[in-house]
Structures are given as C-alpha cells and as structure tokens.
Amino acid sequence: MAPRNQPISGNDLARFSGPNTFMRLPFSNELQKLDVAVLGVPMDIGTSWRSGTRFGPKQVRSESAMIRPYNLQTGAAPFDSLQVADIGDLAINTFSLADSLRIIAESYEAILDFDAVPLAIGGDHSITLPILRAMAKRHGRVALVHVDAHADVNDEMFGEKETHGTVFRRAFEEGLVQLEKVYQIGLRGTGYSAEDFTEAQGWGFQHFPASELWGRDLSQLGAEIRRDIGDVPTYVSYDIDSLDPAFAPGTGTPEIAGLTTPQALQLIRALRGLNIVGCDLVEVSPPYDTSGNTALTGANILYELLCVLPGVAYR
C-alpha cells in the first residue's frame, strides 16, 4: 500500500511557505488513488448581494496552513486512514452561471466515478445544486444536512431559476434529496413573506431556527439527526453565514444572531457515523474580512467535516 499523504509539518517548513493547497497537502489529479478529494470552486456569479466568494478557495487554503493533522479534542486522525489530496480548482466559466453549473456537475460525475469523497471549497451556494445533481445520479436521493442562515428555497431571483438562493427548491423539484431527511439548521433573519420558510416545511424539510438554538449545545441535535438518517448516503452543505457575523463577517449575506463557532463544532462532531458522501463549505468572501478570520474558521469547519467522514481512524 502506498504511504498516505500528510500535511507538511510546520516544524519542517514554515507555515507561511509551501504550496497553497488545503492544509499544504500534496496536489494530485490521480483520483483513482484518493479516498478524499479537496477541490475549489472559485465562483460568485450566483450571488445576489455582496460578491467576493470567487476568492474563497484561495484564502481558505491559505489559512488552512495553521491546521495540524490530529484533532486533539475528538481523537480523529484522518490522514492515518484516508488518502487525501487537493485536486485544485474547477475551471468554471466566470462569464456564465449556467455553463459553470454544467461544468461543476460534469466534474463531480467524474470524481464520483473514482469513489473519492469530494470536499468542496466555495464559491457561492449555487455550486451545491449541480453537486447534488451528480450525487443523486450516483447515490439516488440523498439525505441533506444544510447549515445556513437562509433556506435558499426561493422560486426565482430576478427571473433566474438557478442562483444561490434557489438551490434547495430546485433540489426538491428535481428529486435530488430525501424530503423527510433534509435538515436546515441556523435559519434566521427577515423575509419577503410569512411563507418564506414554512413552504419548505410542507415539503418535509425539517427546520431548526437559530433562535431556538441560542445557548444550546448542539451535540444532541447532531446525534438525533444522525440516528434519524441512519445509513442513507448523506451530503453536508455548510454555509459560513450560518455563523453570527461576530464570528464570520466575511460573507456575502450576513445575518445577525447566528450560531457560534463552538456550536458549529458540536454539530459536526455529532454527525460522526453518518454515511457522508460529500461536503461543501461555501460563501466565504475574503474582501469583507481582511483579518482572514472567516477563512480560518471555514478551513477549520472543512477539517472537522473531514474528521467525521466514513473510515477516519480515531486514536
């Protein structure tokens, strides 16, 4: 068996040096050799408010140089048991959202042909629709854990059916998800009508508004979701704006009174045991946080998702 890839140690090469890959892992395009493929989708042409998420993958990778390979809190040692590499960015069409969504779907179909679990760094949330299309082709209707300030179930935006705010209505209409196993966590803010959230509940989506989660340990919620889903193939989509802007201001559509970073980790860690077939971390917009903290938080969330993938060794 070939040795498994390891992040470059900060004791071997200073963290401000080295490749700009996720956690300074090796770059590889040999998908047949990978268990997990980290990729960037540098796109913001699906966003409706503040742009800038096209720079998300680059800065999330840059900030990820701080992360070490072992999760001291949980004992997770993902690089001991999984072959992980960064496969670079998808070559989206920055002038065409429709063409970019096609490119994403086709690229994911190729990745899934090799049985690699894809971890995507966005990019705005519109990238999740073509990902779910590819997931459904491979796995059938998937369970969905969607952490976000917004339900993203608009019918259209400026007459467009495919945007970052319409993703999960399209997923519902196209039969990409198991309706009774969709969990939308952290919802909040204002809306255009009283039905902005309730309509999706009528489809079967389960909603967990941020106001009902304030001050709560989310470990129990995560455990309940895990038990409810069982062994169904599951996709996890994590929008950084689920966090309160005090923790993650660098995003396109910030909403006050959101989740905390400890709650994010509690929730993700409780998902261990799910049959997770893919994840994304979206809506990091570096121009709105020059400190880099939002990207650092996003990088750590992606690492935590890596730590709960099937097959991860625990020490």
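Which handedness does the crossing of α8 and α9 have? The crossing is right-handed, a crossing being called right-handed if the near helix is turned clockwise from the far one by less than a right angle and left-handed if anticlockwise. The points below place this pair within the structure.

1. Basis of the note. This is a predicted model, in which local features need pLDDT of at least 70, side-chain atom pairs count only at pLDDT 80 or more, and totals for chains, interfaces and linings use all residues. Residues are numbered from 1 along each chain as its sequence is written, and side-chain values use heavy atoms, with hydrogens and water left out. Helices (H or I, at least four residues) and strands (E, at least two) are DSSP runs numbered from the N terminus.

2. The sheet. The model contains an open sheet of 8 strands, in the order β3-β1-β4-β9-β8-β5-β6-β7, with parallel pairing. Two strands are said to pair if DSSP finds at least two bridges between them. The edges are held by β3 and β7 (206–209); each has a single partner strand, so one side of each is left without a neighbour in the sheet. Direction ignored, neighbouring strands are turned by 15° against each other on average. In general, strands of a sheet pair through backbone hydrogen bonds, either parallel or antiparallel.

3. Helices on the sheet. Helix α4 (residues 128–139) packs on the sheet and touches β4 (117–122), β5 (142–147), β6 (177–187), β8 (234–239) and β9 (276–282), where contact means heavy atoms within 4.5 Å. The direction of α4 makes about 180° with that of β9; axes are lines fitted to C-alpha atoms, for helices over the stretch in contact, and angles run from 0 to 180 degrees between N-to-C directions. Helix α7 (residues 219–229) also packs on the sheet, touching β5, β6, β7 and β8, and its direction makes about 170° with that of β6.

4. Strand β3 (residues 84–89) is mostly covered, with 5 of its 6 residues buried. Buried means under 20% relative accessible area, exposed over 50%, and partly exposed in between (1.4 Å probe, protein chains only). Strand β1 (residues 36–41) pairs with β3 in the parallel sense over 4 bridges, and G40 stands opposite D89 in β3.

5. Burial in α7. The buried residues of α7 include L221, G222, A223, I225 and I229. Their cover includes β5, β6, β7, β8 and α8. Just after α7, G230 takes a positive phi of about 70°.

6. The α8 and α9 pair. The axes of helix α8 (residues 261–269) and helix α9 (residues 293–307) come within 9 Å and cross at roughly 15°. The two helices are therefore roughly parallel to each other; angles under 35 degrees count as roughly parallel, over 145 as roughly antiparallel, 65 to 115 as roughly perpendicular and the rest as oblique. On the α8 side, T261, A264, L265, I268 and R269 meet T297, I301, E304 and L305 in α9. The residues of this contact divide into 5 nonpolar, 2 polar and 2 charged. Here Ala, Val, Leu, Ile, Met, Phe, Trp, Tyr, Cys and Pro count as nonpolar, Asp, Glu, Lys and Arg as charged, and the others, Gly among them, as polar.

7. The α1 and α9 pair. The axes of helix α1 (residues 56–63) and α9 come within 8 Å and cross at roughly 75°, and α1 and α9 are therefore roughly perpendicular to each other. Q59, V60 and E63 in α1 meet A295, L296, G298 and A299 in α9. This contact consists of 4 nonpolar, 2 polar and 1 charged residues.

8. Residue D241. D241 lies in the loop between β8 and α8 and, at 0% relative accessibility, counts as buried. Not counting residues up to four places away in sequence, D241 touches D148, A149, H150, R188, T251 and T253.

9. L112 is found in helix α3 (residues 97–113) and counts as buried at 4% relative accessibility. Leaving aside neighbours within four places in sequence, L112 is in contact with P118, A134, M135 and R138. H139 lies in helix α4 and is partly exposed, with a relative accessible area of 30%. With neighbours within four places again left aside, H139 is in contact with P233 and V277.
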